[in-house]
Amino acid sequence: MARIHQNIGASVELYSSRIVKFSDLMQRKLDDGDVKTRRTFLSTVIDRIEVDDDTVRVFARKDVLADSIA
């Protein structure tokens, strides 16, 4: 949580319940949505994806994530 506050700014207040709610919503959209819905949802949140031989890194747009959780 400290890292999140550092990255998106101290003025954003995050609550565990909101993070869980956002996570549940994301899971439902990814599980139940059609391909177009999934692609649209992911493209609004994900900035880029880096793939190495043994690691996958997903970089998200912090401002969009903060707005989604808040």
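Which side chains meet in a salt bridge at 3.2 Å, N to O? The legends below begin with that pair, Arg48 and Glu50. The model shown is predicted, so local features need pLDDT of at least 70 and side-chain atom pairs count only at pLDDT 80 or more, while totals for chains, interfaces and linings use all residues. Residues are numbered from 1 along each chain as its sequence is written, and side-chain values use heavy atoms, with hydrogens and water left out.

**View 1. The salt bridge between Arg48 and Glu50.**
A salt bridge is a side-chain nitrogen of Lys or Arg within 4 Å of a carboxyl oxygen of Asp or Glu, and the structure holds 3 of these salt bridges. Arg48 is partly exposed, with a relative accessible area of 39%, and Glu50, at 29%, is partly exposed as well. In these legends, buried means under 20% relative accessible area, exposed means over 50%, and partly exposed lies in between, for a 1.4 Å probe and protein chains only.

**View 2. Arg57 with its partners Glu50 and Asp52.**
The closest N and O atoms of the salt bridge between Glu50 and Arg57 are 4.0 Å apart, whereas the salt bridge between the side chains of Arg57 and Asp52 has an N to O distance of 2.6 Å. Arg57 is partly exposed at 33% relative accessible area, and Asp52 is partly exposed at 39%. Through salt bridges that share partners, Arg48, Glu50, Asp52 and Arg57 are joined into one network.

**View 3. Arg48 and the ring of Phe59.**
The charged end of Arg48 sits over the ring of Phe59, 3.9 Å from the centre of that ring; a charge sits over a ring if NZ of Lys or CZ of Arg is within 6 Å of the ring centre and within 35 degrees of the ring normal.

**View 4. Ile19 in helix H2.**
Ile19 belongs to helix H2, which covers residues 16–32; helices (H or I, at least four residues) and strands (E, at least two) are DSSP runs, numbered from the N terminus. Ile19 is partly exposed, with a relative accessible area of 25%. Although Ile19 and Ala66 are 47 residues apart along the chain, their C-alpha atoms are separated by 9.6 Å.
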